[in-house]
Every structure is written in structure tokens, then in C-alpha cells.
Amino acid sequence: MASISVNLEEIPSESLMNELLRRMKCAPKPEKRLILIGPPGSGKGTQSPIIKDEHCLCHLATGDMLRAAVSAKTPLGIKAKEAMDKGELVSDDLVVGIIDEAMKKPSCKKGFILDGVPRTVAQAQKLDEMLERQGVKIDKVLDFAIDDAVLEERISGRWIHPASGRSYHTKFAPPRVSGVDDVTGEPLIQRKDDTAAVLKSRLESFHRQTQPVINYYSKKGIVATLHAEKPLTDVTDEVRKVLS
């Protein structure tokens, strides 16, 4: 893995102190290696930063890791770029190799949250083999279970103000005037991915791909099924109980 030279004298004292305090706080925390599985709109993205901060873990998302490896021109990143430039899927060996590379970062010392991977049983098996060689394993798989109809209501009701990024929901957080931004009075738009038809296609793909992965880890007795349709704070409490 390419090393990056950092001149500590150039880093503000406040940033150094904050990082030192973070490391002191994290030192006694037990190691945890987690996988988060959930469809779009299940709240996975909301809970992930909370878990990351409370357990001093690093967050490893497939897309981010691939982009970072390609940008850093690591040997695996170069191979991944070659595959992507040809329009090919990045192989399971490359994906797991890039996870292996990312895990060596200091921020992953206490463990990691894997998000968006493994997508298949073959990837899960290769991931387990790689971790086993290091004498560690996946500790828990958090399955953000939620009914598709609830997701459709959550997602298809979302509207945004493109210039500011302000978001609204026809049921849960409606604008004062339908279809209009509260602050500017400008029209709201719905992202093309937030329609019922697109969501249906994404959910079918999600269930087809991930159910076998959930079954694979269920046989190992490490899957915790969360009631992701509950309010955010209730799901956070559920996560805390599972990981305590």
C-alpha cells in the first residue's frame, strides 16, 4: 500500500488534539467487523455514521474504496481501472483485495463497517477466506429488514430543491405549498431514481442478489434482523442492543 508523507507541523493544533482525543477514547473499545445489508431507503446510511462513531470503526463502501484505489494508483486500483475501462465487472478477487488494502488504514484499527459488499455468496466466501488468513472474522451482519411497500412510500414521496439540496416528503415533511420550496418559492423536483417504477426494479435486484448472502451468514448464526420500518431512534436503540 502506498504510504503518504504528512508534515504534522502543517496540521492545525486543534485537529491534532481532536485526533489524539479520539484515539484515546477508542483505545479501550473492542474490535468489531460488521456488514450492513439493506435496500435503498432502509435507513442504513443514517445508522452507519452512528455505529462508526460509537464503535470507532471505519466505513468501507465498495464505490468509495474502488475510487480511492484507482486514484492512488495502487496495483489493485490499476487492475480495477483496466476492468472498468473495458466495461467489465471488477472481479471478486479484486474487490476483496481492495477491502484487504483498505483495512490496513489506521482508522480501521478497531474494525470496519462493510457497506455494499459482499453482493454475492462467492464474494462472501472470498471475504471470509481473506479474514481467516488474518485470524479475524465478521462479527455481525445487520439486516435492515423493511417491507417494500413502506420503502415505496418513503422514497416515492421525496422531493428536493435542486439549488440548495433541501428535501421534503409529501407525507412526512411536506412543503408549506405543494411542489414549492419553503425558502425560495422555486419549484421542487423528484429525482428520477425516486419513482415507484425505478424503486421496484432496484428492489427486485436487491432481493435477488442479497437474500442468498443473508442465508449464507444466517447459517453462521451472526445475522441480526433489524425492524428498519421503525423511527430512526428506535432503530438506533435496536442496533445498540445487538452490538452491546
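## Helices α2 and α9

Helix α2 (residues 44-55) and helix α9 (residues 232-243) have axes that come within 11 Å and cross at roughly 40 degrees. Helices (H or I, at least four residues) and strands (E, at least two) are DSSP runs, numbered from the N terminus. An axis is a line fitted to C-alpha atoms, for helices over the stretch in contact, and angles run from 0 to 180 degrees between N-to-C directions. The pair α2 and α9 is therefore oblique. Angles under 35 degrees count as roughly parallel, over 145 as roughly antiparallel, 65 to 115 as roughly perpendicular and the rest as oblique.

The crossing of α2 and α9 is right-handed. That word applies if the near helix is turned clockwise from the far one by less than a right angle; anticlockwise is left-handed. From α2, the contact (heavy atoms within 4.5 Å) uses Thr46, Gln47, Ile50, Ile51, Glu54 and His55. From α9, it uses Leu232, Val235, Thr236, Val239, Arg240 and Leu243. By class, this contact of α2 with α9 has 6 nonpolar, 4 polar and 2 charged residues. Ala, Val, Leu, Ile, Met, Phe, Trp, Tyr, Cys and Pro count as nonpolar, Asp, Glu, Lys and Arg as charged, and the others, Gly among them, as polar.

## About the model

This is a predicted model: local features need pLDDT of at least 70, side-chain atom pairs count only at pLDDT 80 or more, and totals for chains, interfaces and linings use all residues. Residues are numbered from 1 along each chain as its sequence is written, and side-chain values use heavy atoms, with hydrogens and water left out.

## The cavity

A search of the whole structure finds 1 cavity of 30 Å³ or more. On a 1 Å grid over the protein atoms alone, a cavity is a set of points where a 1.4 Å probe fits but cannot get out; a pocket is an open set with protein on both sides within 12 Å along at least five of seven lines; lining residues have an atom within 4 Å of a point. Grid points are joined across faces, edges and corners, and a volume is the space filled by probe spheres set on the points.

The largest cavity has a volume of about 50 Å³. Its lining includes Gln47, Ile50, Thr236 and Arg240. The elements giving two or more residues to this lining are α2 and α9. Helix α2 gives the most, with 5 residues. The lining of the largest cavity has 4 nonpolar, 3 polar and 2 charged residues.

## The second largest pocket

The second largest pocket has a volume of about 460 Å³. It is lined by 21 residues, and Pro40, Gly41, Ser42, Ile155 and Arg158 lie nearest its centre. Elements α2 and α7 (148-156) each give two or more residues to the lining. Helix α7 gives the most, with 4 residues. The lining of this pocket divides into 5 nonpolar, 6 polar and 10 charged residues.

## Helices α3 and α5

The axes of α3 (residues 62-72) and α5 (residues 92-102) come within 10 Å and cross at roughly 80 degrees. That makes α3 roughly perpendicular to α5. Met65, Leu66 and Ala69 of α3 meet Ile98, Ile99, Glu101 and Ala102 of α5. This contact has 6 nonpolar, no polar and 1 charged residue.

## Two backbone details

Most residues other than glycine have a negative phi, and most peptide bonds are trans. Cys56 has a positive phi of about 55 degrees, although it is not a glycine. Cys56 is found in the loop between α2 and β2 (58-61). The peptide bond from Val117 to Pro118 is cis, with omega near 0 degrees. Pro118 is found in the loop between β3 (111-115) and α6 (121-133).
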